[in-house]
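Have a look at this one with me before we talk it over. I've jotted down a few points to go with the picture.

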Amino acid sequence: MGGSAPRGGCHLPVETTSFVDRRDEQTTGRELLAKARLVTLTGPGGVGKTRLAAHIAARVARAFPDGVRYVALAGLRDPELVPLAAADALGLHDHSARPALDALVARLRDRRLLLVVDNCEHLLAACATLAAALLHGTTGVRVLATSRHRLGLTEEHLLEVRPLPVPDPDGDPCAAGSQAVLALFADRAAAVLPGFRLTPANRAAVARLCRRLDGLPLAIELAAVRMRVLGPEQILARLDDRFRLLTAGSPAALPRHQTLRAAVDWSHELCTGPERLAWARLSVPAGGFDLETAEAVCHDLRRPDVLDAVAGLVEKSVLVREDAPHGAGVRYRLLDTLRHYGLDRLRERSGAEAAARRRHRDHVQRRASAHEADWFGPGQRETVARLRADQDNLRAALDFCLTTPGEARAGLRLAGTLWFYWHACGAPREGRHWLDRALDASPEPTPERARALWVSALLAGSPEDLTRGLRRAREARALAERLGDPAEAAHADYVIGVVQLFADELTAACAHYETTVARGPVPGQHLSLHGLDLVELACAHALLGRAERAVEVCERALRLCEAHGEDWVRSYVLRILALAHAVRADWRRAEPHAREALRRKLDVHDMIGIGLTLDLLARIADGLGAAERTAVLLGGADRVWSDIDRDRWGSAALNSARRACETHARTALGADGYERAHGRGGALGLAEIVAYALDDLPPRPTTAEPEPGTAPVRLTRRETEVAELVAEGLGNQQIADRLVIARRTAEGHVERILGKLGFRNRSQIAAWVTARR
């Protein structure tokens with residue numbers, strides 16, 4: 001799962017095979033990123049742009065205190081989703097009504113990070129717009145893109161990724177320049193033929209084979225798989241036969257794109273019939289997929305045959321097997337070049353692609369409906385992990401519905417079914433994107449429309465969008481009542497009360513929820529939303545100072561959640577229970593409830609809930625007289641809220657409580673002490689600040705005085721100069737230029753400073769320097 005963009009860190013794709021070192025390209029890429037803010041790796045499909053970009057990014061990660069983030073675009077078709085995909089990769093959860101790109105730039109204005117944008121070629125205009133906005137609207141964001149074509153910006157620096165150097169057929173196959181390509185073949189061959197290695201007897205044949213494949217890594221990997229049944233000379237002979245057919249006997253060399261196509265063609269022909277069918281069908285799922293999805297798409301194969309076909313394609317290096325994180329299970333992925341090849345094969349049969357996409361959409365709908373039905377119960381963490389792993393498939397299914405005549409209502413149904421995902425998992429803006437498109441495309445008065453209207457209203461979540469949200473929620477209720485659907489009317493009622501709470505209409509919201517709670521759950525109403533009726537009623541009472549009534553309602557809601565083994569709603573109940581105890585200044589009873597709420601919110605990646613609960617824990621720490629803890633928690637909370645809404649939606653209740661905590665902590669610690677503690681909290685990543693809030697991570701002292709029995713930290717004069725430049729936001733190359741030293745020397749100084757101070761990243765150095773000032 002994604003997270004609030006932590007200070008530092010490198011979120012790049014996990015590699016499943018070894019990487020053949022491209023030292024020169026890595027060095028050039030690092031040098032370009034040191035002086036340019038937009039670097040694009042260009043080159044043909046199958047040449048290794050993605051792997052190279054990941055390695056370059058990993059090598060420069062320490063220069064970016066706000067980390068490296070990876071945006072995968074291969075599974076996207078809608079250009080409007082490009083800024084949303086970037087925001088998701090960055091862990092940003094914007095709820096505002098501003099254009100998505102404007103909101104993204106605003107969130108990143110003060111960040112220093114590297115954004116790796118992979119596979120831009122099919123969304124060039126949108127990617128160029130994204131890069132231009134980041135270059136012009138921020139000062140510390142750099143972009144490393146991969147694309148078969150340049151983005152076309154004047155600020156763009158290009159690094160052409162060429163095929164690996166190949167041996168001279170008439171020269172020495174042991175020559176240093178061609179060792180990488182030989183090592184690649186040997187590594188992949190050993191994977192299918194354990195014990196294989198290059199020897200004087202086979203080296204020349206392998207060298208000729210790699211040269212025949214123009215040094216294209218993907219073509220070489222596909223050919224190496226044949227080592228299971230053929231020797232290098234036999235593989236070469238069969239490739240030569242294919243190439244002679246393609247050139248009709250002409251001695252002219254094939255262009256590289258035809259070389260790759262010929263290698264893929266040959267790999268396809270060596271597949272079994274079921275494997276070929278599966279290859280074509282499995283080009284429809286976007287991003288990655290699991291075996292259940294493969295079985296749904298490959299409907300014309302028996303389930304055991306699907307498993308055999310998938311296993312065969314993995315063995316032939318057509319499919320990549322991956323272990324998804326957080327319980328999402330084993331997944332498979334087609335490399336982009338091979339996915340496009342599969343689509344070409346699928347399109348050879350009239351109507352086959354549309355039929356496969358429809359089956360894929362139906363499978364996604366069934367899975368979403370099953371997740372929704374099970375949402376109020378155990379396993380929510382696993383559900384979130386699976387949905388996030390399937391994010392590209394959700395997008396592909398929705399895009400199919402909204403771009404295919406006659407499928408709009410199905411798109412409305414799917415977008416509405418996913419209400420809990422958009423709301424609970426921090427994807428409100430993307431949810432609004434799909435819901436708005438679906439509502440426009442399907443204006444008929446249907447139950448699906450009633451559902452989509454209240455879900456759209458639920459995702460408003462920003463002051464500027466509340467008016468439209470309230471209007472849509474009321475429209476949803478009226479339509480549901482007209483259609484005789486009490487469940488959707490009850491769901492819309494929940495949202496009407498939420499909007500009232502957001503607008504600080506506490507008395508009206510309290511009266512509204514007293515009515516809905518007294519009515520009880522209606523047939524078909526989702527228990528999550530009934531439980532949230534109770535949560536919002538307790539919240540309104542707590543904010544109005546009626547702690548006893550709030551506790552009574554929370555205890556009722558807890559019994560409901562515990563009976564179903566539910567965590568997400570329970571986390572909200574626990575937070576309101578803590579709030580109710582805080583209202584009557586019973587801090588000792590409030591704190592354990594708030595901590596348990598925070599732990600559960602982290603499990604389901606509820607970023608809004610995490611921000612709200614950190615605020616509450618800061619208030620509790622303030623009540624307990626723990627000023628330093630209050631300041632650290634406020635720093636962490638402000639960091640989380642910066643990825644959602646710095647102003648906490650303009651809520652008077654939230655902001656007044658936060659200001660009161662800050663005032664008390666500043667008075668107790670002094671201005672400098674408060675800033676040091678607040679800065680430390682802001683420098684912690686999401687997991688670290690949650691661990692601190694749960695007392696799983698001991699705080700570092702914030703005072704400038706050393707602890708008893710320890711010596712104060714002393715930096716050399718040069719290290720002090722470097723620390724000051726780090727605090728100014730300079731990267732290693734900029735520091736080297738300023739001090740007229742080598743870049744490697746600057747890197748060494750930064751490493752020593754981190755070690756002496758016991759810090760993990762540059763932003764902590766910056767906070768330390770600020771505190772000393």
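This is a predicted model: local features need pLDDT of at least 70, side-chain atom pairs count only at pLDDT 80 or more; totals for chains, interfaces and linings use all residues.

1. The protein chain has 36 helices and eight strands, and buried residues make up 59% of its 773 residues.

2. Now for the chain's contacts and surface. Take the contacts between residues at least 6 apart in sequence: 72% of them join residues at least 24 apart. The chain exposes about 30,600 Å², with carbon and sulfur atoms supplying 52% of that area.

3. Next, find helix H15 (residues 352–374) and helix H17 (residues 391–403): their axes come within 9 Å and cross at roughly 120°. That angle makes H15 oblique to H17. The crossing of the two is left-handed.

4. Who does the touching there? On the H15 side, the contact is made by Ala354, Arg357, Arg358, His360, Arg361 and Val364. H17 brings Asn393, Leu394, Ala396, Ala397, Phe400 and Cys401. Sorted by class, the contact of H15 with H17 has seven nonpolar, two polar and three charged residues.

5. Then zoom in on Glu719, which sits in helix H33 (residues 717–727). Is Glu719 buried or exposed? Glu719 counts as buried because its relative accessibility is 3%, and the cut-off for buried is under 20%.

6. Finally, which residues does Glu719 touch, leaving aside those up to four places away in sequence? They are His749, Arg752, Ile753 and Lys756. Glu719 and His749 are 30 residues apart along the chain, yet 6.0 Å separates their C-alpha atoms.

Conventions
Residues are numbered from 1 along each chain as its sequence is written. Side-chain values use heavy atoms; hydrogens and water are left out. Axes are lines fitted to C-alpha atoms, for helices over the stretch in contact, and angles run from 0 to 180 degrees between N-to-C directions. Helices (H or I, at least four residues) and strands (E, at least two) are DSSP runs, numbered from the N terminus. Angles under 35 degrees count as roughly parallel, over 145 as roughly antiparallel, 65 to 115 as roughly perpendicular and the rest as oblique. A crossing is left-handed if the near helix is turned anticlockwise from the far one by less than a right angle, and right-handed if clockwise. Contact means heavy atoms within 4.5 Å. Ala, Val, Leu, Ile, Met, Phe, Trp, Tyr, Cys and Pro count as nonpolar, Asp, Glu, Lys and Arg as charged, and the others, Gly among them, as polar. Buried means under 20% relative accessible area, exposed over 50%, partly exposed in between (1.4 Å probe, protein chains only). Accessible areas come from the Shrake-Rupley method with a 1.4 Å probe; for residues, only the protein chains shown count as cover.
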